[in-house]
Amino acid sequence: MYIVFEGIDGAGKSTQIQMLNEWLEANGFRVETLVEPTDSKVGKLIREILQRPDATTETVQKVLALLFAADRMLIMDKLNEESKIILSDRSFISSLAYQDNPEWVKVLNKYAKQPDLLLLLDLDVKTSVSRTSGEDTFENEETLTRVKQNYLELAKDYTHEIIDANNGVNKVSSDIKKAVAPHLGMCPDCIR
Ligand code: TYD
């Protein structure tokens, strides 16, 4: 099962993936976690470009979409481990939300794996801005407002659960467990 975590910067994806991972393993599941952008050379180039002031221009966004797609292709084989639950910090859905050019992004991601479940960690933009360093060009109120809206629209195209990420870490974690449980044949009321 391929479960992707999406949400604007600072939504708590990495913390929540770690917490869900521990819980799933304690319940006997085999789990693998992934992060996009990866730590490949392409991923490093992406992080460099993200800090450039021109990262939001149309041309650089097209280049970024290419690089994100290539970075993703490099980890494609890991996604096909049928015996494991894959928890992924971002996916091609990030490209749809951030690069804002669906035709181009869809062509480039023709072979990207479709998620079995999308967990959208929905956070207020002001909280996001206060939690992030502002180093990346996307970490500003205007961009994140657009991205948040894109996510809420995009979620409708996938099997999804929207999680209120404005709550405390433990409440968010328990909401995620309750949301995931039925998709894994577990009883949501049995979750502590
Ligand atoms: P992020 O998860 O925020 O990494 P970190 O926690 O190390 O800062 O990802 C970096 C940025 O990349 C984030 O602003 C979202 C953006 N991004 C895209 O624009 N398109 C994509 O396809 C992906 C995967 C990420």
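Buried means under 20% relative accessible area, exposed over 50%, and partly exposed in between (1.4 Å probe, protein chains only). This is a predicted model, in which local features need pLDDT of at least 70 and side-chain atom pairs count only at pLDDT 80 or more, while totals for chains, interfaces and linings use all residues. Residues are numbered from 1 along each chain as its sequence is written, and side-chain values use heavy atoms, with hydrogens and water left out.

**View 1. Arg52 and Asp54 meet in a salt bridge.** A salt bridge is a side-chain nitrogen of Lys or Arg within 4 Å of a carboxyl oxygen of Asp or Glu. Here the N to O distance is 3.1 Å. Arg52 counts as partly exposed because its relative accessibility is 40%. Asp54 is partly exposed too, with a relative accessible area of 29%.

**View 2. Five strands form an open, parallel sheet.** Helices (H or I, at least four residues) and strands (E, at least two) are DSSP runs, numbered from the N terminus. Two strands pair if DSSP finds at least two bridges between them. The strand order is β2-β3-β1-β4-β5. β2 (31-35) and β5 (160-164) are the edge strands, and each pairs on one side only. From one strand to the next, the twist averages 20°. Axes are lines fitted to C-alpha atoms, for helices over the stretch in contact, and angles run from 0 to 180 degrees between N-to-C directions. Strand β1 (residues 2-6) and strand β3 (residues 85-89) run parallel, joined by 4 bridges. Ile3 stands opposite Leu87 in β3.

View 3. Contact means heavy atoms within 4.5 Å.

**View 4. Ile176 sits in the largest nonpolar core.** A nonpolar core is a set of buried Ala, Val, Leu, Ile, Met, Phe, Trp, Tyr and Cys residues joined through side-chain atoms within 4.5 Å. This core has 57 residues. Phe5, Leu64, Leu87 and Ile176 touch the most other members. Leaving aside residues up to four places away in sequence, Ile176 touches Phe5, Gln16, Leu20, Leu119, Leu121 and Ile163.

**View 5. Glu32 and Lys84 form a buried salt bridge.** The closest N and O atoms are 3.3 Å apart. Glu32 lies in strand β2, and Lys84 in the loop between α3 (58-73) and β3, 52 residues apart. A network of salt bridges links Glu32, Glu81 and Lys84. The whole structure holds 10 salt bridges.

**View 6. Asp100 and Arg146 meet in a salt bridge.** The N to O distance is 2.8 Å. Asp100 lies in the loop between α4 (92-99) and α5 (102-108) and Arg146 in helix α7, so the pair ties together parts that are 46 residues apart in sequence. Asp100 is partly exposed at 37% relative accessibility, and Arg146 at 28%.

**View 7. Phe92 and Tyr158 form an edge-to-face aromatic pair.** Rings of Phe, Tyr and Trp (its six-membered ring) pair if their centres lie within 6.5 Å; planes under 30 degrees apart count as stacked, over 60 as edge-to-face and the rest as tilted. These rings are 6.1 Å centre to centre, with 70° between the planes. Phe92 is buried at 6% relative accessible area, and Tyr158 is buried at 15%.
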